[in-house]
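Here is a short briefing to read alongside the sequence and the model.

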Amino acid sequence: MKAAVLRELKQELSIEEVTIAKPKGREVLVRTMASGVCHSDLHIIDGLLPSPIPTVLGHESAGIVEQVGEDVTEFSPGDHVIGCPSAFCGKCNYCLVGQSFLCAGQGSLNRVRGDQPRLAGADGKSIRQFGNISSFAEQMLVHANGLVKIRDDMPLDRAALIGCGVTTGLGAAINTAKVAPGETVVVLGCGGVGLSIIQGCRIAGANRIIAVDTMPWKLELARKVGATDTINGAEVNALEAVKELTSGGVDYAFEAIGLKQTVEQAYAMVKPAGALVMVGALPAGVNVEFHALDLVISQKRILGSMMGSNRFRIDMPRYVEFYMSGRLKLDEMISERFSIDEINIAIEKLRGGKLARGVIDFSIG
Ligand code: ZN
Ligand code: ZN
């Protein structure tokens, strides 16, 4: 099968013939129909998030089951599925208390050393699978605990977005922050994740949703998906503008960029007893600073949010229903579709901030 392999950091992905093993045990072989290109993929290519290479990236995907291992009972060939990087072991303490997004047993979902690797290059050498998924490829061989079945009439290119960005954003609002009806929020960064946070806040019933970005087209998109106010951070001081709009601060400030400066700015936008929700992935090794006494006196809270604190087998079918009933807007979020052969163009456009979401559509060429 054809796959895009990361062989060297900061270089283009190489389109190659890759061998994929047959499913056994709890494994499922999935025909990839669509894969979003996420900032985490870009961060790994650029060396900002450490990950072993060679690898096939891509972790925001949807497809159709082709074949299942002998111990798989919950999927059959023909099922439509979304892949999620938050695969759960179902046995560790985090899984048992319902925090499977923190699963400590993900290692047990891989093949053991000495087994035929799931992915191998033309030279027969093993290629590392990324996030139990590797969706920049025509097929995926994944553990069943990293998949969820969805209804057949959900378009798969839009379903793919739910695999990472949409779940990260909706979950940050609904699961991590638990935004309540009537509350006021600000979202810094209006890419795929930021737009999903805005939608999560709207669905949760927030009254005022302020979007901050430096690109006018992203702010326009933010309004389309539910922002009530927009601030162009390149034109005005975003902190002052938010304080003015809210007479003193917001209940929740979501940071979806991953920069020290905007994390600290978001913290300053929060009113006493409110919370900063950190969603953007900062490069490894970066520290952020807060005024410690202010934190104590104001009782502000700082929440990390990973993959939308998801329990994806429950959350993702709900998000699909949000889309089918018109509450979750996904069509608007797809800026452009690419074939797998055009993946380096998609990555370059993402790097240049030109896409809300780019999708690799395997039905193209
Ligand atoms: Zn992602
Ligand atoms: Zn677990």
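Does Asp-331 count as buried, partly exposed or exposed? Asp-331 counts as partly exposed, because its relative accessibility is 41%; the classes are buried for under 20% relative accessible area, exposed for over 50% and partly exposed in between, with a 1.4 Å probe and protein chains only.

This is a predicted model, in which local features need pLDDT of at least 70 and side-chain atom pairs count only at pLDDT 80 or more, while totals for chains, interfaces and linings use all residues. Residues are numbered from 1 along each chain as its sequence is written, chains are lettered from A and ligands numbered from 1 in the order in which they are written, and side-chain values use heavy atoms, leaving out hydrogens and water.

**Salt bridges**

- The structure holds 24 salt bridges, each being a side-chain nitrogen of Lys or Arg within 4 Å of a carboxyl oxygen of Asp or Glu.
- One of them pairs Asp-331 with Arg-158, with the closest N and O atoms 3.4 Å apart.
- That pair links distant parts of the chain, 173 residues apart: Arg-158 sits in helix H3 (residues 156–162) and Asp-331 in the loop between helix H10 (312–324) and S18. Helices (H or I, at least four residues) and strands (E, at least two) are DSSP runs, numbered from the N terminus.
- Arg-158 is buried, at a relative accessible area of 17%.
- A network of salt bridges links Asp-157, Arg-158, Asp-331 and Arg-337.
- Lys-260 and Glu-264 also form a salt bridge, at 2.9 Å from N to O. The two are separated by about one helical turn, because they are 4 residues apart in helix H8 (residues 260–269).
- Lys-260 is partly exposed at 31% relative accessibility, and Glu-264 is partly exposed at 24%.
- Arg-311 and Asp-315 meet in a salt bridge of 3.2 Å, N to O. Asp-315 is buried at 2% relative accessibility, whereas Arg-311 is partly exposed at 29%.

- Cys-38 and His-59 are both buried.

**Helix H11**

- In helix H11 (residues 343–351), the buried residues are Ile-343, Asn-344, Ala-346, Ile-347 and Leu-350.
- These residues lie on the same side of H11, because they cover an arc of only 155 degrees around the axis, taken from the directions from the helix axis to the C-beta atoms.
- Their cover includes strand S1 (2–5), strand S2 (14–17), S4, H1, strand S18 (334–338) and strand S19 (357–361), where contact means heavy atoms within 4.5 Å.
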